[in-house]
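Subject: Structure for your review

Dear colleague,

Please find below the structure that I am handing over to you.

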Amino acid sequence: MFRIFKKESTNICSPVKGTCIPITEVKDQVFSSKMMGDGFAVIPEKNVVCSPIDGEITMAADSKHAVGMRRKDGLEILLHVGLDTVNLNGQGLKLLVKSGARVKAGDALIEYDAEYMEKQGIDMTTMVIFTSGFDQEVHLKQYGQTVETGEVLME
């Protein structure tokens, strides 16, 4: 009830539990070349992907594999779940939010069927890409380490 009075955090958190890696190590050139923007990735151990920021959902892909978000300070990110998941047309994915929704870091956004993805040979590496409002190179001390869902990676 009093959530509206709390100041939004500017922290950026891990969207899922797993191994944090540089965006340049993602096994897809669109992401690893930073064509869409700089960011980081997590090789997930869990099948629930959560919001890395406090903000608004600006885009929820029909194919349920990606969500665009914007913070009040103008930072925009793309949360992209898995490689080539767009080709599944939503199969094995469950989108838990709609465009216009306000979310907090750690709120569940997308669930996926891990067994189905494994059978399809899909790499579920999850990317957090800064598409606007961030002009620094991303370097995280957590690279190569296991991070928890909601763990602050950038302050």
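This is a predicted model: local features need pLDDT of at least 70, side-chain atom pairs count only at pLDDT 80 or more; totals for chains, interfaces and linings use all residues.

Residues are numbered from 1 along each chain as its sequence is written, and side-chain values use heavy atoms, with hydrogens and water left out.

Salt bridges

The structure contains nine salt bridges (a side-chain nitrogen of Lys or Arg within 4 Å of a carboxyl oxygen of Asp or Glu). Helices (H or I, at least four residues) and strands (E, at least two) are DSSP runs, numbered from the N terminus.

One of the salt bridges pairs lysine 17 with glutamate 148, with 3.9 Å between the closest N and O atoms. This pair links distant parts of the chain, 131 residues apart: lysine 17 is in the loop between strands E1 (12-13) and E2 (18-22), and glutamate 148 is in the loop between strands E12 (146-147) and E13 (152-154). Lysine 17 is partly exposed at 21% relative accessibility, as is glutamate 148 at 40% (buried means under 20% relative accessible area, exposed over 50%, partly exposed in between, with a 1.4 Å probe and protein chains only).

Arginine 102 and glutamate 56 form another salt bridge, their closest N and O atoms being 3.9 Å apart. Because arginine 102 lies in strand E9 (residues 102-103) and glutamate 56 in strand E5 (residues 55-60), the pair ties together parts that are 46 residues apart in sequence. Arginine 102 is partly exposed at 44%, and glutamate 56 is partly exposed at 26%.

Within helix H2 (residues 114-120), glutamate 115 and lysine 119 are four residues apart, so about one helical turn separates them. Their side chains meet in a salt bridge of 3.5 Å, N to O. Glutamate 115 is exposed, with a relative accessible area of 54%, and lysine 119 is exposed at 64%.

Sheet

Three strands form an open sheet in the order E4-E10-E8, with antiparallel pairing (two strands pair if DSSP finds at least two bridges between them). Strands E4 (48-50) and E8 (93-95) are the edge strands, each pairing on one side only. E4 is joined to strand E10 (residues 108-112) by three bridges. Cysteine 50 stands opposite alanine 108 in E10.

Yours sincerely
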